[in-house]
Amino acid sequence: MFLYSTNNPALRVTFKDAVFQGLPPDNGLFMPLEIPQLPAGFMEALPGLSFQEIAFVVSQKLLHAAIPDADLQTIIENSVTFPAPVVSLDEQTFILELFHGPSLAFKDFGARFMAQTMSCFNRDESRELVILVATSGDTGGAVAAGFLHTPGIKVVILYPSGKVSPLQEKQLTTLGANITALEVAGTFDDCQALVKRAFLDSDLRQAIRMSSANSINIARLIPQMFYYFESWKQLPKADYPTVFTVPSGNFGNLTAGLMAMQMGLPVHRFIAATNANDVVPKYLESGEYTPRSSVPTLSNAMDVGAPSNFARMLDLYGSTWNTLRSCVSGYAFSDEQTREAMREVDTNYGYIMDPHGAVGYLAFRKFQSEEPDARSVIFETAHPAKFLEEVEAILGHTIEVPERLAVLRKKEKQSVSMPADFRVFKEWLVAHY
Ligand SMILES: *Cc1c(COP(=O)(O)O)cnc(C)c1O
């Protein structure tokens, strides 16, 4: 498998290099040179395959020998470790629960697969690999859990002191083992600046093997294709045109869906659902792409004003508005509509959605008013208990908290205090790795 850059179609990089580099030097995004077709009969055979078997066939086909089969098998056994069940609200409305992993959000799939892939490629190296990650909250938890106990890899997470939610902080600071949390006296931008400088520092580069776990790493995108097929397998046989509704921020999930479609997923359409950060729905409507600063909303993991995967979406469709529009519809909703939808789903179906999933629910209902025959898989990207206080206030009653979250609340925080000062950070790294 070779990859090119969305800014340079002539570039050729191996999968291993793309995984460790994260981003091409020209600031584009890595894309697979070839998106192959799945084996004939794969869709018909789906009901007989386990989630891990599906993941193996899809990734083996796409990676095309970049990872030996036996290693790929191990990567999948260690990363696809929790289910993605489909729950039916009615005959045409299905919820795909992507929150059964350790950090209670779909990002666990990408983070675990990336961690296992890096560990596999790192096996023959004598020096350990140190992953540096700056986080504003959410991604750090998935990355930390994804790399926990991964052989040959240590993780250093930098987060801004006092600027992440108490629950997010627990997710970063209670794992121990190969994960260390640095509590930085500064902002998220300070954390990011420290990490950037570390990668540019020649002393550090000599002393330590370092890499990043960027959210746009191609190794995070690939496993996000798996659950499109896994959910298809669980749908009842029926003649409705099937659409996938994806609550979106950086559009990684939706991009993975477009790739799954190119490999052979027989999907009728994708629905991009956003909150007030609506640059992609606006683009689909007008043909004009106007990235801007994000505005804060209730579904805050989707507060993105310049979606990083937009370049990949365009690239997949030959950079033309019309072809992208023929596969993707977009809708945006306010916080008030989101709250209303959460109450509606709770009352009508006895199902509790988190604010992100509720934006998806609204988008599908809107689409259904235009195409009443369609049925949809709606991605539920996070567990509602992740946003406990807000969800309980909106619904007016308490909700169940999963055991793995309840346990976390009782655990002791362990972090290293760090000033936003590169010299101190550098000394600390050299002393510890
Ligand atoms: C990250 C995130 C999203 C947005 O996903 P993208 O792939 O960036 O579009 C949606 N919901 C939740 C809960 C998230 O954590």
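Arg209 sits over the face of Phe20, at 6.0 Å from the ring centre. That label applies if NZ of Lys or CZ of Arg is within 6 Å of the ring centre and within 35 degrees of the ring normal.

Before the exercises, some ground rules. This is a predicted model, where local features need pLDDT of at least 70, side-chain atom pairs count only at pLDDT 80 or more, and totals for chains, interfaces and linings use all residues. Residues are numbered from 1 along each chain as its sequence is written, and side-chain values use heavy atoms, with hydrogens and water left out.

**Exercise 1: the whole chain**

Task: work out whether the radius of gyration of the protein chain agrees or disagrees with that of a compact globule.

Solution: Start with the rule, which is 2.2 Å times the number of residues to the power 0.38, with the radius taken over C-alpha atoms. For 433 residues, a compact globule would come out near 22 Å; the protein chain has 21 Å, so the two agree. Next, look at the box: along the principal axes, the C-alpha atoms fill roughly 60 × 50 × 45 Å. Then check burial (buried is under 20% relative accessible area, exposed over 50%, partly exposed in between, with a 1.4 Å probe and protein chains only). Of the 433 residues, 56% count as buried. Finally, count the elements: there are 20 helices and 14 strands. Helices (H or I, at least four residues) and strands (E, at least two) are DSSP runs, numbered from the N terminus.

**Exercise 2: aromatic rings**

Task: classify the pair formed by Tyr228 and Phe379.

Solution: A pair of aromatic rings is described by the distance of the centres and the angle of the planes. Rings of Phe, Tyr and Trp (its six-membered ring) pair if their centres lie within 6.5 Å; planes under 30 degrees apart are stacked, over 60 edge-to-face, and the rest tilted. The whole structure holds 20 aromatic pairs. For Tyr228 and Phe379 the centres are 4.9 Å apart and the planes stand at 55 degrees, so the pair is tilted. This pair links distant parts of the chain, 151 residues apart: Tyr228 is in helix α11 (residues 223-234) and Phe379 in strand β13 (residues 375-380). Tyr228 is buried at 0% relative accessibility, and Phe379 is buried at 0% too.

Now try Phe422 and Phe425: at 6.4 Å centre to centre and 65 degrees between the planes, they are edge-to-face. Both lie in helix α20 (residues 422-432), three residues apart, about one turn of the helix.

**Exercise 3: one aspartate**

Task: decide whether Asp278 is buried or exposed.

Solution: First place Asp278, in the loop between β11 (269-274) and α13 (279-286). Its relative accessible area is 12%, so Asp278 is buried. Last, find its contacts (heavy atoms within 4.5 Å). Leaving aside neighbours within four places in sequence, Asp278 is in contact with Arg292 and Ala332.
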